[in-house]
Amino acid sequence: MMSAFTVRLPDETVAKLDQLAEKVDRSRSYVAAQAIEDYVAREEWQLAEIEAGLDEADRGEFASEKDLAGVIAKYVKPASER
């Protein structure tokens with residue numbers, strides 16, 4: 001089942017949506033629906049990850065200082081190497 005509803009967008013956004021729809025040979029409605037579905041999936045995933053992290057924190061499951069230092073060392077060069 002599919003539901004329909006109205007969304008108000010700035011004219012500039014609608015123009016960009018129309019250009020994109022034309023480039024991918026799809027309707028404005030199809031492209032907008034895909035964008036909304038992608039947004040909802042991404043937000044659901046992000047919120048689930050945040051909730052999982054909060055649950056871990058509530059259980060006291062934190063990285064040790066040594067673990068954290070190891071991660072930082074992978075991405076940050078010591079001042080002597082800069």
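At roughly what angle do the axes of helix α1 and helix α2 cross? Keep in mind that you're looking at a predicted model, then select residues 11-23 for α1 and residues 28-58 for α2. Their axes cross at roughly 105 degrees and come within 9 Å. Angles of 65 to 115 degrees count as roughly perpendicular, so that's what α1 is to α2.

Next, show the side chains where the two helices touch. On α1, pick V14, L17, D18, L20 and A21; on α2, pick R28, V31 and A32. Color this set by residue class and you'll get 6 nonpolar, no polar and 2 charged residues.

Now go to R26 and Y30. R26 sits over the face of the Y30 ring, 4.3 Å from the ring centre.

Last stop: select residues 5-43. An unreviewed UniProt entry places the feature "domain: Ribbon-helix-helix protein CopG" there. In the model, this stretch is 74% helix and 0% strand.

Conventions
Residues are numbered from 1 along each chain as its sequence is written. This is a predicted model: local features need pLDDT of at least 70, side-chain atom pairs count only at pLDDT 80 or more; totals for chains, interfaces and linings use all residues. Side-chain values use heavy atoms; hydrogens and water are left out. A charge sits over a ring if NZ of Lys or CZ of Arg is within 6 Å of the ring centre and within 35 degrees of the ring normal. Axes are lines fitted to C-alpha atoms, for helices over the stretch in contact, and angles run from 0 to 180 degrees between N-to-C directions. Helices (H or I, at least four residues) and strands (E, at least two) are DSSP runs, numbered from the N terminus. Angles under 35 degrees count as roughly parallel, over 145 as roughly antiparallel, 65 to 115 as roughly perpendicular and the rest as oblique. Contact means heavy atoms within 4.5 Å. Ala, Val, Leu, Ile, Met, Phe, Trp, Tyr, Cys and Pro count as nonpolar, Asp, Glu, Lys and Arg as charged, and the others, Gly among them, as polar. UniProt positions are given in the numbering used here, feature names are shortened, and annotations may be inferred rather than shown by experiment.
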